[in-house]
Amino acid sequence: MRLTIFATLFMAMWATAPNCVAQISTEDANAPFGWAVCSSMTSGDDYKLTGGGVSTSDNTITLKANGTNDMRNAIRNAVDNYSIIILDGSDGAFVISKSVDIEKLTGKTIVGINNVCLTTQFKITEEIRAALDAAGVKSKSTSSGTGGTLYKSDGVTSKGSVGEACELATRQTIINQTKDDNENYRKSGIFNVSGCENIIIRNITFEGPGSVDVGGYDLISQTNSKHIWVDHCEFIDGMDGNYDITNSSDFTTVSWCVFRYTERSYVHMNTNLVGSSDSEDAAYLNTTFANNIWGNGCDQRMPMARAGNIHLVNNYYNCAGNSAAINPRKNSEFLIEGNYFESGVNKKFSASSDAISYQFVDNYNLSASGKGTTTVPYKYTKIAASKVPAVITLGAGATLADPLVIGNVSTPIDETESIDEVVGIEYYSIDGRRLNELKSGVVIVKRVLASGKSKCVKTIIK
């Protein structure tokens, strides 16, 4: 009987969701906020981040995968020549041979529709993983000065030296397996955003080759760019990082995104780096991470930051077995509030002594001592940390029905739900079995409310 009632509930709710895409929750501002809309470190909510503006027939182009092996040039040409680029996934995934360079551009909006996925052409295969195991890669040192010389696939011609033993063994093994003597596979990223301003990227799934220690490309690499809003995207299996923000980038907001890894990733699941070295200028790299999920396989850098004011608000850490999560380093300031940590998350916080400050406010299952105070100049709202799993799980990722609609949007969510506190969250398989953690496939999420009522919805975890 319980299963029948449960099935009836979620089927009724699922039937009201068009195209299996979630409605925007009442907690989602559906507009740029945070550091992305600040004009300085002391002046907030005064930069109008519009991306490509209002869509018209003249400034908008829609691309579909064309069945070829590489959509890189088509996307690059579209970004260069149009203000609004819509990537339509109805004909399949967009295969990318190497990162699309988005350079020195202002006022662009790139959005996905119809479950679009941008995926790298190169992938870490089972054969490569087996060869890496045979080479003992995971046991080798990642310290500099313990590497050696690389050779081309003929085993004779030297390619130069590598400082780390782990990276050396990894790169040599992949060269031997793929015969890619020029190591073009290391360029397996999606977007390289460099020297840009006023950019919106929404509702796209980015899928990489799997993480390996080869000094490769990120799914998104953002350098020397400012006023960037990345919203409702999913990042899977980046080779080096999932999304790194470096080299004097500034005023960035990352919201309602999912970061995770699959079994394709081998080592180096270091998902989000802010600042590439200790020499980064402390006046830059101000970044907001809000309403995101760090999920399965994320091991480190959630985020790790060198320099910058980093605001972490209402994020969901569900990365059991990780090595380290939040990591302030030299010249960084962190405001960490309203975040939720599942019990299986290891080493939730670790700071270096030269971090400027880190302040904790109302987090769930996080106990750490602060250092100084950290403030931000912009206005924002937050939900109670106890509500984070329920709210963020159902809203984060490429879930938008219309990513070009930006601003206040009414939703059919029950008015009472926003004031009825979520006191628990449960996961069930499609046949009604209780799950201890989220897994890939169709999952039923049950939110238990303080009133004794419950809300159930079916979702797809990729």
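Colleague: What does the accessible surface of the protein chain come to, and what share of it belongs to carbon and sulfur atoms?

Modeller: The accessible surface of the protein chain comes to about 19200 Å², with 46% belonging to carbon and sulfur atoms; such areas come from the Shrake-Rupley method with a 1.4 Å probe, and for residues only the protein chains shown count as cover. This is a predicted model, in which local features need pLDDT of at least 70 and side-chain atom pairs count only at pLDDT 80 or more, while totals for chains, interfaces and linings use all residues. Residues are numbered from 1 along each chain as its sequence is written, and side-chain values use heavy atoms, with hydrogens and water left out.

Colleague: How many residues does the largest nonpolar core have, and which have the most contacts inside it?

Modeller: In soluble globular proteins, nonpolar side chains tend to be buried together. A nonpolar core is a set of buried Ala, Val, Leu, Ile, Met, Phe, Trp, Tyr and Cys residues joined through side-chain atoms within 4.5 Å, where buried means under 20% relative accessible area, exposed over 50%, and partly exposed in between (1.4 Å probe, protein chains only). Here the largest such core has 59 residues, and those with the most contacts inside it are I75, L87, F94, L118, F191, F206 and F235. Its largest share, three residues, comes from helix α2 (residues 72-81), helices (H or I, at least four residues) and strands (E, at least two) being DSSP runs numbered from the N terminus. A second, separate core of 17 residues includes V258, I293, Y340 and V445.

Colleague: In what order do the eight strands of the open sheet stand, and is the pairing parallel or antiparallel?

Modeller: Strands of a sheet pair through backbone hydrogen bonds, either parallel or antiparallel. In this model the order is β3-β6-β11-β14-β17-β20-β23-β26, with parallel pairing; two strands pair if DSSP finds at least two bridges between them. Because β3 (94-96) and β26 (340-341) stand at the edges with a single partner strand each, one side of each is left without a neighbour in the sheet. Between β3 and β6 (residues 117-120) there are three bridges, and I96 has T120 of β6 as its bridge partner.

Colleague: Is helix α4 mostly covered or mostly exposed, and what do its buried residues pack against?

Modeller: Helix α4 (residues 165-178) is mostly covered, 11 of its 14 residues being buried, among them C166, L168 and I175. These buried residues pack against α3 (126-134), β7 (144-151) and β8 (158-164). K179, which follows α4, has a positive phi, near 60°.

Conventions. The expected span of a helix is 1.5 Å times one less than its number of residues. Contact means heavy atoms within 4.5 Å.
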